[in-house]
Amino acid sequence: MDFSQLTWNPLLSRHTCSPDDDAGDWLGGEAWVTPQPFAVECLAAFEAPRAEDPGNDWIPLTDTLGSISNISWYDENLIFISASKGLEYLYKSTDKGTTWQISNEFGSVDPGRFGKVQMFNQNEGILALSYSSFIAVSTLLNTTDAGDSWNDFGNGFIFPFGLTHFEFTSPQIGWVATQNRSIFNTTNEGIGWDTLQTGLTLQESIDNFEFFNSEISYGINQNNIYKTVNGWVTYSIVDSI
């Protein structure tokens, strides 16, 4: 597939992994793209030096997993895909996406949906799971065996209305933004959660955020870019679209 086809395609998902790891180190020009909502291929460009265009040649890795909604990775040998194929599945690859296995017996939930996976190392990580229980809700799961099994994270807290994004700076410290425009924070591996923001307006809500450290973070919604210097206790607009 020619990369030029991907750059303008309006069906491309926003679930595209940047070609570096959490430390900002280049991973050999790899990139992942999920065309939505019709195509179900996972694509990657390998072995391209950073000085060159890593998107000239794209290799189809799979077209059998279903409709892919999220791709997450720790490195090239630990990759997770959330996909729908009748039921919802979480797949794992340990060989650069050549083969995929359902992530243990917890691989299907109906009517649930798996989301992002954030791995802290080769074995420990967190997974978002959303489902309907009269209203949409979400929870976090954790693994200590590289995704072979998943259990409740911390106290198994249920986030009402579902989450839009989560991010951890360590296994102990993390943040969750929810559909009802709230922001939660834990400092003890999910045993307890503090509500940092609630009842935000659409203009104030945070849909996605990234951290530089445990205090400084940038977040976005449809129209604004925000910055916090105290872990989302307070924040302000730094730019608007």
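The side chains of K116 and E167 are joined by a polar contact of 2.6 Å. A polar contact is a pair of N or O atoms within 3.5 Å; within protein, one must be able to donate a hydrogen and the other to accept it, and residues adjacent in sequence count only if both atoms are side-chain atoms. The model is predicted: local features need pLDDT of at least 70 and side-chain atom pairs count only at pLDDT 80 or more, while totals for chains, interfaces and linings use all residues. Residues are numbered from 1 along each chain as its sequence is written, and side-chain values use heavy atoms, with hydrogens and water left out.

K116 sits in strand β9 (residues 113-119); strands (E, at least two residues) and helices (H or I, at least four) are DSSP runs, numbered from the N terminus. K116 has a relative accessible area of 19%, so it is buried. Buried means under 20% relative accessible area, exposed over 50%, and partly exposed in between (1.4 Å probe, protein chains only). K116 also lies over the face of F166, at 4.7 Å from the ring centre. A charge sits over a ring if NZ of Lys or CZ of Arg is within 6 Å of the ring centre and within 35 degrees of the ring normal.

In β15, V176 is the bridge partner of F166, and β14 pairs with β15 (residues 174-178) in the antiparallel sense over five bridges. Two strands pair if DSSP finds at least two bridges between them. The open sheet has four strands in the order β14-β15-β16-β17, with antiparallel pairing. β14 (163-168) and β17 (194-197) each have a single partner strand, so they stand at the edges and one side of each lacks a neighbour in the sheet.

Next come the aromatic rings, which form 16 pairs in the structure. Rings of Phe, Tyr and Trp (its six-membered ring) pair if their centres lie within 6.5 Å; planes under 30 degrees apart count as stacked, over 60 as edge-to-face and the rest as tilted. The ring centres of F80 and W150 are 6.1 Å apart and the planes stand at 70°, so this pair is edge-to-face. F80 belongs to strand β5 (residues 78-85) and W150 to the loop between β11 and β12, 70 residues apart. Both F80 and W150 are buried. For F209 and F211, the centres are 5.9 Å apart and the planes are at 90°, so that pair is edge-to-face.
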